[in-house]
Amino acid sequence: MGSADSKLNFRKAVIQLTTKTQPVEATDDAFWDQFWADTATSVQDVFALVPAAEIRAVREESPSNLATLCYKAVEKLVQGAESGCHSEKERQIVLNCSRLLTRVLPYIFEDPDWRGFFWSTVPGAGRGGGEDDDENARPLAESLLLAIADLLFCPDFTVQSHRRSTVDSAEDIHSLDSCEYIWEAGVGFAHSPQPSYIHDMNRMELLKLLLTCFSEAMYLPPAPDSGNTNPWVQFFCSAENRHALPLFTSLLNTVCAYDPVGYGIPYNHLIFSDYREPLVEEAAQVLIVTLDHDSATSTSPTVDGTTTGTAMDDADPPGPENLFVNYLSRIHREEDFQFILKGIARLLSNPLVQTYLPNSTKKIQFHQELLVLFWKLCDFNKKFLFFVLKSSDVLDILVPILYFLNDARADQSRVGLMHIGVFILLLLSGERNFGVRLNKPYSVRVPMDIPVFTGTHADLLIVVFHKIITSGHQRLQPLFDCLLTIVVNVSPYLKSLSMVAANKLLHLLEAFSTTWFLFSAAQNHHLVFFLLEVFNNIIQYQFDGNSNLVYAIIRKRSVFHQLANLPTDLPAIHKALQRRRRAPEPLSRTGSQEGASMEGSRPAAPAEPGTLKTSLVATPGIDKLTEKSQVSEDGTLRSLESAPQQNSAEGSPAAEEPSQVWREQRRLSNASASGQWNPTSEWVLSWKSKLPLQTIMRLLQVLVPQVEKICIDKGLTDESEILRFLQHGTLVGLLPVPHPILIRKYQANSGTAMWFRTYMWGVIYLRNVDPPVWYDTDVKLFEIQRV
């Protein structure tokens with residue numbers, strides 16, 4: 001039958017279904033088979049021929065027919081899984097049912113009255129028709145998920161058959177060990193199967209259906225407790241699914257082994273169409289959804305990386321354990337870590353390769369899913385995190401992240417991407433090794449819209465952060481705390497900043513310490529505290545190599561004197577705020593010598609008007625997001641969170657933490673009823689007295705007269721001579737006793753877990769446009785907005 005006839009017949013069946021007012025019996029195979037038995041419709045056809053309005057009409061007016069359609073389609077998948085899909089006809093039925101369910105499921109999820117439908121058992125749905133009916137009656141959702149899992153390891157349909165002869169030796173689907181059929185070599189599997197376009201396409205369709213099953217989460221509003229586990233994911237990732245391990249491994253290896261360059265030959269993708277990418281995207285999306293697990297509230301999976309059998313059958317943990325999270329947390333072999341890290345770094349760097357060899361490789365679009373995956377790996381598997389930081393390979397992750405952050409800074413539709421990039425860097429910055437790695441010289445010249453500089457990866461990070469703060473859009477302001485916390489965390493380890501980066505840090509201090517900025521919001525002064533902490537760490541712990549920064553501090557010494565003499569009387573406060581109304585720009589670029597941007601770079605562009613974006617829940621403040629730890633003499637960390645608060649005010653200036661002020665400021669800032677922020681003298685005094693300026697003031701006191709003397713003696717205006725003097729200078733014995741280093745480490749919390757859930761599903765919603773699985777359905781987890 002031609003494809004046009006096939007479409008026509010399918011459409012006729014749909015019209016019959018929508019116009020029937022009486023229930024159609026489940027046994028009426030002649031009627032139901034029209035939907036899948038003799039048609040060959042692509043998933044795009046199914047979406048076109050089954051309009052949303054008609055699905056909703058059947059749901060409202062003849063619900064029993066919609067229920068039967070779903071039940072019959074699931075039954076066909078179960079039969080296909082049971083039989084092993086040996087004939088072409090059976091495979092076609094499975095694909096048709098899979099496409100139809102992908103189309104219909106979102107309309108079932110959007111209606112709260114239907115939410116329990118898939119979790120109820122269908123009367124008389126036992127397979128045998130005998131007395132064993134009841135024990136066979138699983139909820140429809142479970143039957144569907146188990147059938148999908150079986151079908152994903154179905155020889156000659158989704159995996160290569162291992163049999164040589166064809167005579168009556170079809171592999172028995174029940175005795176099949178799916179661990180021998182893992183889709184790709186990599187973690188825990190050495191054999192790379194022959195690539196097959198057909199198998200990849202079939203896997204992709206089934207994964208799309210699986211993702212649609214999981215997407216019920218999109219139809220529930222964001223809940224603060226985030227304890228509501230997704231029942232579909234929970235069941236699929238439980239021990240009930242005998243393919244959990246091989247499927248987890250298949251998905252992970254398929255993503256990490258993918259090479260969009262086309263076997264390392266530039267321009268190869270122009271000759272061969274790449275059918276692997278859609279599968280890799282789908283695999284990445286399914287993987288991150290199965291790993292949606294709130295590590296803050298649940299018992300953490302084992303971190304010791306043991307792979308003994310006992311790690312699996314411990315005494316029951318509370319609630320069924322998610323096996324995907326469990327397996328991910330227990331990967332421990334160095335070569336597996338190497339494979340994962342290399343794979344993710346290769347894919348994240350792909351858009352960068354594009355910029356200096358245009359069109360040489362296929363440009364992938366799923367970097368956001370990869371960043372979520374990388375986050376999950378680091379969050380659930382501490383051994384992986386330490387492996388990443390053990391060598392300079394971490395820089396292969398850092399550079400692409402900085403590239404994305406810089407590129408997306410002006411684009412409102414990419415706020416989510418900005419957040420996840422910053423979260424990953426915050427997580428990494430809590431580890432000493434990250435700061436140490438940043439000292440590696442930066443030589444890769446990816447064209448980026450930033451000033452040209454010669455220096456290290458630390459310089460690159462500071463220059464990009466400065467660009468985000470001074471020329472990103474308004475919605476990024478909540479991230480400033482995070483960006484500066486990252487710089488504070490790495491600062492004690494930075495051996496020598498370039499002049500460009502040193503000037504950028506001082507420009508930020510200048511911008512943040514203007515009186516109108518300090519007085520115009522309750523939290524703004526924290527940014528000054530963070531920057532002073534950066535300068536103190538470098539002066540106390542890395543003075544020797546940092547003559548550029550010391551010189552920049554001397555040149556901008558007036559900023560520090562202004563801070564020390566900050567006015568605290570009300571008339572001065574009001575005058576500063578008046579000035580602000582005339583100068584609306586939050587941060588000017590004046591005073592920062594921009595310099596030319598790198599050659600070949602394009603300026604960061606705002607979103608095209610009309611671009612769709614999804615809303616995100618607010619992220620927790622930096623005090624909730626991180627936990628303070630002190631670095632001891634031997635380099636180990638000691639948490640400060642449980643320490644009693646009262647004694648921390650004495651002693652070192654670093655102990656004068658902005659967070660102690662957070663509790664104070666609400667009390668001191670008689671915020672008026674209108675919610676208008678009204679700074680008071682007491683409020684300014686409460687934090688001004690704690691500004692950690694002693695170290696810098698002492699440095700200026702010692703060095704400024706010496707520098708001035710050189711200038712007078714030699715009639716110098718040339719900085720190189722002064723820099724040479726500063727390089728050989730020393731402040732040993734002249735500075736206050738070094739303060740202990742404070743690190744603010746990311747800590748898991750339900751706020752970020754909820755943020756990741758909304759971000760991840762928002763990305764999946766927007767990226768699935770062909771077919772548009774969720775488009776125009778009533779999702780509740782986020783709002784769809786146009787820029």
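## The largest pocket

In this predicted model, 45 residues line the largest pocket, and His367, Asp407, Asp411, Arg414 and Leu417 lie nearest its centre. A pocket here is an open set of points on a 1 Å grid over the protein atoms alone, where a 1.4 Å probe fits, with protein on both sides within 12 Å along at least five of seven lines; lining residues have an atom within 4 Å of a point. By class, the lining has 19 nonpolar, 16 polar and 10 charged residues.

Which helix gives the most to this lining? Helix 33 does, with five residues; helices are DSSP runs (H or I, at least four residues), numbered from the N terminus.

## The second largest cavity

A cavity is a set of grid points where the probe fits but cannot get out. The second largest cavity is lined by residues including Val14, Phe35, Glu54 and Leu100. Its lining divides into 10 nonpolar residues, one polar and one charged.

## The nonpolar core

Let's turn to the core. The largest nonpolar core holds 247 residues, and Phe35, Phe118, Phe535 and Trp761 touch the most other members. Such a core joins buried Ala, Val, Leu, Ile, Met, Phe, Trp, Tyr and Cys residues through side-chain atoms within 4.5 Å, where buried means under 20% relative accessible area (1.4 Å probe, protein chains only).

## How to read the numbers

Residues are numbered from 1 along each chain as its sequence is written. Local features need pLDDT of at least 70, side-chain atom pairs count only at pLDDT 80 or more, and totals for chains, interfaces and linings use all residues, while side-chain values use heavy atoms, leaving out hydrogens and water.

Terms used:
Buried means under 20% relative accessible area, exposed over 50%, partly exposed in between (1.4 Å probe, protein chains only). Helices (H or I, at least four residues) and strands (E, at least two) are DSSP runs, numbered from the N terminus. Ala, Val, Leu, Ile, Met, Phe, Trp, Tyr, Cys and Pro count as nonpolar, Asp, Glu, Lys and Arg as charged, and the others, Gly among them, as polar.
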